[in-house]
Amino acid sequence: MSDTPFGFGLPPEEPDDGDEGKKKDQQSGGGQDPANPFGFGMSGAGGFGAPGADNPFAAMFGSLNPNDLGAAFQQLGQMLSYEGGPVNWDMAKQIARQTVSQGTADGTKDASVGPAERRAVDEAVRLADLWLDDATSLPSGAASSVAWSRAEWVEATLPAWRELVDPVAERVGTAMGDVLPEEMQAMAGPLIGMMRSMGGAMFGTQIGQAVGVLAGEVVGSTDIGLPLGPVGKAALLPVNIAAFGKDLGVSQEEVRLYLALREAAHQRLFAHVPWLRSHLFGAVDGYARGIKVDTAKLEDVVGQFDPQNPEQLQEALQQGMFQPEDTPEQKTALARLETALALVEGWVDAVVHAAAKPRLSSADALRETLRRRRASGGPAEQTFATLIGLELRPRRLRDASRLWASLTDARGVDGRDALWAHPDMLPTATDLDDPDGFVHREQIDFSELDKMLGEAAGKHDLGKRGKDEDAAGDGGEGRNDGGEDDDRKGDGAE
């Protein structure tokens with residue numbers, strides 16, 4: 001997968017035989033690869049490892065044989081007429097599902113989940129929740145469990161991907177419209193509309209392929225540390241669990257149960273820490289908003305844009321147009337996001353290990369396998385690097401896990417989990433550097449603080465009541481004085 005944001009492929013290299021090669025290219029069709037008529041390429045050997053990966057539209061257009069050309073150009077017309085948001089999500093969904101249908105590089109195909117697999121997942125999640133009751137004070141967060149195929153995972157997680165990716169794509173779309181002088185924008189309206197449609201299509205194509213490939217690897221709905229699935233639904237993918245545990249020398253039941261523990265632990269955290277989801281998604285959005293677009297380069301592209309050669313946009317997007325701003329705000333946003341991810345993954349790692357260690361003989365081996373999988377930057381991290389130019393890899397997973405385990409020893413399960421009550425109570429990046437210092441730091445006695453606030457509120461209420469009584473008393477005396485005056489008036493009248 002590409003290391004460049006959005007994963008767009010690199011421009012074609014110059015032919016090895018110099019001018020002669022160029023002449024051959026011109027003779028063969030103007031330098032255009034006949035198998036890739038739109039000029040969209042995927043970087044990396046074989047792209048995503050799928051047939052036709054050098055042409056992102058191959059999944060949608062088939063092999064582009066003469067019988068398919070009518071449908072291909074009809075699809076192209078729909079792409080150019082797209083008037084939705086910054087990403088063509090209909091195209092993303094279609095390509096993701098077709099990428100899934102091609103199978104993974106190891107030849108594993110997607111398959112519908114049968115009743116036996118659904119029962120196995122239900123039992124694993126139910127048992128995992130039972131074991132977690134001893135390892136955390138947070139109650140169960142899974143109202144239901146579900147066994148998904150890869151295609152079902154795509155359908156269920158696309159809303160979350162939309163929320164994560166749209167901020168970056170929006171910046172690109174806005175930049176495309178802003179690079180022209182204002183007086184020219186009215187004249188170039190159709191051109192700008194076409195560029196935005198092309199941009200939405202390219203984003204949709206790339207995201208669809210990335211999500212489709214990721215669907216071939218994930219084992220649940222929380223693999224990247226973010227809640228991608230519906231709230232309260234613990235999800236596992238039996239076909240991917242089988243592939244994950246194939247060469248581990250561990251029984252399928254233990255692998256499934258360990259992964260169910262991780263999924264159920266994530267569900268507890270996101271269900272009972274109400275601010276956590278918005279905190280994580282907000283951190284992603286904050287980082288994305290710090291990505292700047294090289295408007296000078298985009299101006300050159302717009303100025304020379306030829307509607308008959310839409311691949312110019314593709315090449316521009318490849319060549320480092322998106323760069324994170326090197327500002328204190330952007331560094332803070334990145335640190336905030338990386339620390340939050342590390343704390344989530346570290347807590348899950350520590351809690352699951354505490355629940356599994358006494359019960360599963362393979363707990364240590366499975367824990368290390370998953371840690372290495374995360375550290376190696378697999379498809380989950382690469383997908384995010386593709387989509388927003390950021391590797392969502394919890395670089396400090398081991399530090400965070402060690403800190404949570406130490407907190408358990410020092411403060412107990414309740415004291416450890418109480419830190420999730422508010423984001424300001426969580427360890428910071430500096431605390432991950434000195435976990436012992438954080439663990440043994442004098443704890444704030446919130447009960448005393450509550451008592452002080454309560455006493456202050458009580459004194460305020462007493463003072464207010466006293467003032468009210470004094471005011472009432474003054475009014476009563478006035479009425480008595482008035483009564484005496486009336487008596488005197490009455491005596492005078494007599």
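The model is a predicted one, so local features need pLDDT of at least 70 and side-chain atom pairs count only at pLDDT 80 or more, while totals for chains, interfaces and linings use all residues. Residues are numbered from 1 along each chain as its sequence is written, and side-chain values use heavy atoms, with hydrogens and water left out.

R367 sits in helix α15 (residues 363–375); helices here are DSSP runs of H or I, at least four residues, numbered from the N terminus. Leaving aside residues up to four places away in sequence, R367 touches Y258, D349, A350, H353 and S401, where contact means heavy atoms within 4.5 Å. With H353 there is also a side-chain to side-chain polar contact at 3.4 Å (a pair of N or O atoms within 3.5 Å, one able to donate a hydrogen and the other to accept it; residues adjacent in sequence count only if both atoms are side-chain atoms).

Now for the helix packing. α14 and α15 pack at about 165°, their axes 10 Å apart. That makes the two helices, α14 and α15, roughly antiparallel (angles over 145 degrees). On the α14 side, the contact uses E345, D349, A350, H353 and A356; α15 supplies A363, D364, R367, R371 and R374. Sorted by class, this α14–α15 contact has 6 charged, 3 nonpolar and 1 polar residues.

α14 (residues 328–356) also packs with α17 (residues 397–417), at about 65° and with axes 8 Å apart.

Note on methods: Axes are lines fitted to C-alpha atoms, for helices over the stretch in contact, and angles run from 0 to 180 degrees between N-to-C directions. Angles under 35 degrees count as roughly parallel, over 145 as roughly antiparallel, 65 to 115 as roughly perpendicular and the rest as oblique. Ala, Val, Leu, Ile, Met, Phe, Trp, Tyr, Cys and Pro count as nonpolar, Asp, Glu, Lys and Arg as charged, and the others, Gly among them, as polar.
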